[in-house]
Every structure is written in C-alpha cells, then in structure tokens.
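Here is a note for a colleague opening this model for the first time. Please read it with the structure on screen.

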Amino acid sequence: MAYTYSAAHLSAIQLSPPELIYAAAVAGYDYVGLRLIPTTDHEPHHDLARNAALMRATKRALSETGLIVWDCEVIRMDPQHGPEFYMPMMEAAAE
C-alpha cells in the first residue's frame with residue numbers, strides 16, 4: 001500500500017510558504033498545508049492574500065516541486081470574525 005504525506009505548516013511555521021514547499025519536497029512529502037492566518041500574536045503571518053510577490057513565489061515553488069496544497073488554515077468563527085473577514089484568505093487559498 002502506498003502512503004502519501006502532507007507537511008503541516010505548524011511544523012515549521014517560521015518558514016514562508018515557498019520555503020516550506022521546498023523543504024517538504026526535499027523531505028519527500030507529497031503535499032503541504034499552509035497557514036494563511038496566524039492563530040497567535042507570536043507566529044509569523046504569511047499573507048498570500050495581500051502579498052503578490054509571495055503568492056508568485058509560492059506558485060513557482062509548487063510548480064517546480066510538483067507538490068500540491070492539501071489544506072489552508074485557520075478559520076475560527078466568532079463574533080469578531082465573520083465570513084467576510086476570511087474571504088481574502090479563502091480567495092488566496094483557491095488561487
């Protein structure tokens with residue numbers, strides 16, 4: 001039986017999405033999970049929705065490595081963050 005593996009961004013949250021993709025490819029992963037919205041004030045924010053250069057570099061890394069984005073995170077519904085807050089992140093994830 002063949003298994004496939006996804007590298008979770010939290011395992012190397014200090015890396016930008018392109019850096020994580022290249023590292024995951026070298027390590028033999030098939031997929032990556034990207035954290036596009038930080039969950040704490042102490043982690044980096046990799047804002048693909050508002051950083052066109054980072055989006056281009058991420059797409060280039062995916063193309064060069066053949067890795068696929070498995071998931072994007074984190075969406076938490078609460079009174080301060082309704083669906084409209086998450087639209088830029090969801091659009092970036094779809095792209």
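1. Start with a term. A salt bridge is a side-chain nitrogen of Lys or Arg within 4 Å of a carboxyl oxygen of Asp or Glu. Arg35 and Glu73 meet in this way through their side chains, at 2.8 Å from N to O. Arg35 lies in strand S2 and Glu73 in strand S3, so the pair ties together parts that are 38 residues apart in sequence.

2. On the basis of the note: the model is predicted, so local features need pLDDT of at least 70 and side-chain atom pairs count only at pLDDT 80 or more, while totals for chains, interfaces and linings use all residues. Residues are numbered from 1 along each chain as its sequence is written, and side-chain values use heavy atoms, with hydrogens and water left out.

3. Element names follow DSSP runs, numbered from the N terminus: helices are H or I with at least four residues, strands are E with at least two. Two strands count as paired if DSSP finds at least two bridges between them.

4. Now the sheet. Three strands form an open sheet in the order S1-S2-S3, and the pairing is parallel. Strand S1 (6-8) and strand S3 (68-73) stand at the edges with a single partner strand each, so one side of each has no neighbour in the sheet. From one strand to the next, the twist averages 25°. Axes here are lines fitted to C-alpha atoms, for helices over the stretch in contact; angles run from 0 to 180 degrees between N-to-C directions.

5. Look at the S1 and S2 pair. Strand S2 covers residues 31-35, runs parallel to S1 and is joined to S1 by three bridges. Ala7 stands opposite Val32 in S2. Helix H1 (residues 17-27) lies across S1 and S2, at about 155° to S2.

6. How many salt bridges are there by the rule above? The count comes to four. Arg35 also forms one with Glu43, where the closest N and O atoms are 3.2 Å apart. Arg35 and Glu43 are both buried. The cut-offs are relative accessible areas: buried is under 20%, exposed is over 50%, and partly exposed is in between (1.4 Å probe, protein chains only). Arg35 counts as buried because its relative accessibility is 8%. Glu73, at 24%, is partly exposed.

7. Another salt bridge joins the side chains of Glu95 and Lys59, at 2.6 Å from N to O. This pair links distant parts of the chain: Glu95 sits in the segment after helix H3 (83-94), Lys59 in helix H2 (residues 52-65), 36 residues apart. Glu95 is exposed at 56% relative accessible area, and Lys59 is partly exposed at 37%. Salt bridges with shared partners join Arg35, Glu43 and Glu73 into one network.

8. Met1, Tyr3, Tyr5 and Tyr29 make a nonpolar patch with about 550 Å² of accessible area together. Tyr29 is in the loop between H1 and S2 and is partly exposed at 33%. Patches use residues with over 30% relative accessible area and no salt bridge; like charges are joined within 9 Å, nonpolar side chains (Val, Leu, Ile, Met, Phe, Trp, Tyr) within 5 Å. Areas come from the Shrake-Rupley method with a 1.4 Å probe, and for residues only the protein chains shown count as cover.

9. Last, Arg76, in the loop between S3 and H3. Leaving out residues up to four places away in sequence, Arg76 touches Thr39, His81 and Tyr86; contact means heavy atoms within 4.5 Å. The C-alpha atoms of Arg76 and Tyr86 are separated by 9.1 Å, and the two residues are ten apart along the chain.
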